[in-house]
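Colleague: I would like to learn how to read strands and sheets in a model, so could you take me through one example step by step?

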Amino acid sequence: MKQFKRKLYQQSCYIWAEFKSLSLLLSPRFYFSDKTKPLTVFALLFVVFQSFAQNDGYIASKMIQANKEIEILEKVVVGEFSKTPIVIAPVVIPEKDYIAENWITTRFNPYENTLLEYPFKLTFKDSVFASPILRKKVVTSHFGWRRGRAHKGIDIDLYTGDKVLAMMGGKVRYVKWHYGHGNIVVIRHYNGLETVYAHLSKQLVQVNDSVKKGQIIGKGGISGNARGSHLHLEVRFQGTCINPEYLFDFGPENKIRASEIWVNKKWSQAYTQNSRRQADIYICHTLEEAQTMATPEITYHIIKRGDTLSSISHKYQVSIPNLCKSNHITTKTMLRVGQKIAIH
Ligand SMILES: [Zn+2]
């Protein structure tokens, strides 16, 4: 019994001692006494350092993972799908300086030796042009075959003294009197087109002047070979006349027919069109369309003494009605020596 009591006493002493040491550990005084303070500070610093080290390790491991993902991505995009590196850079094609090229102010056509290759593309930055006259435009004669000769522009009715305006912005290249055209102003535009304003009574610009769209450049009249006062308007590209109505709609809205227009030979050949009516306009927006629409080559016969429609028909194996149709003549039309007859 005594032994049991002693054991019980010993056990209770242990429990008490443990309880005391536990309460000591829980007491703040234990950590911040003079003896334990340095140890506590060291322990705290160690804990803080450890947590930072763990964080650094976490970030470092994430970075390694991200780099690996980038490497994989590069392999997939550049290596697997495309053998050549992908270069995405804007392609800048410098615009051709049409104003500087063949800039001769003393000759009506400075492109005499230039051969145009068909089809070719014209580009327009604007969607509208300025009407060359301030009144309602009435086209009295179109681009085409007229009285046995080529009429290479359109005639717009006006009164002598009416203001004539530049259809688009550009630079004045030629201001003179020119045979047949009378007093003319030729403006070269930034897309290479030239507009010719003929039969003027007054020229109000000088060569090398920059002109804005809609700027007054002269006054209409009857100078040169004109039957009555009108504006003879030509549109030329590198010396070749193009039917102005193919590019510009001379209706009330002054629309440029498209921002990109392909021109094939037909639109520069007056022989294939009739000056009495507007040609059927079908705009070619692409090279393929222009090639599809291209008409076969046309040959011409110059009338010699003794030629008749029947002899021409026999020579070229083309029927007389076809000859009449393509030349806008009838079987009763008198053929003149030197007259050109289109064969197609
Ligand atoms: Zn004319």
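Colleague: What is the order of the strands in the open sheet of three strands?

Modeller: Helices (H or I, at least four residues) and strands (E, at least two) are DSSP runs, numbered from the N terminus, and two strands pair if DSSP finds at least two bridges between them. Here the order is S6-S12-S10, with antiparallel pairing, and the edge strands, S6 (163–165) and S10 (202–203), each pair on one side only. S6 meets S12 (residues 216–219) over three bridges, and Leu-165 has Ile-216 in S12 as its bridge partner.

Colleague: Before we go on, what kind of model is this?

Modeller: It is a predicted model, in which local features need pLDDT of at least 70 and side-chain atom pairs count only at pLDDT 80 or more, while totals for chains, interfaces and linings use all residues. Residues are numbered from 1 along each chain as its sequence is written.

Colleague: Which strands pair with S8?

Modeller: Strand S7 (residues 170–178) pairs with S8 in the antiparallel sense over eight bridges, with Tyr-174 opposite Val-186, and S9 (residues 193–200) pairs with S8, also antiparallel, over five bridges. Each pairing is a hairpin with three residues between the strands: Gly-180 in the S7–S8 turn has a positive phi of about 85°, and Gly-192 in the S8–S9 turn has one of about 95°.

Colleague: Is strand S8 mostly covered or mostly uncovered?

Modeller: A residue is buried if 20 or more other C-beta atoms, placed from the backbone, lie within 10 Å of its own. In S8 (residues 182–189), seven of the eight residues are buried, while 25% of the 344 residues of the chain count as buried.

Conventions
A residue is buried if 20 or more other C-beta atoms lie within 10 Å of its own, exposed if 12 or fewer, and partly exposed in between; C-beta atoms are placed from the backbone.
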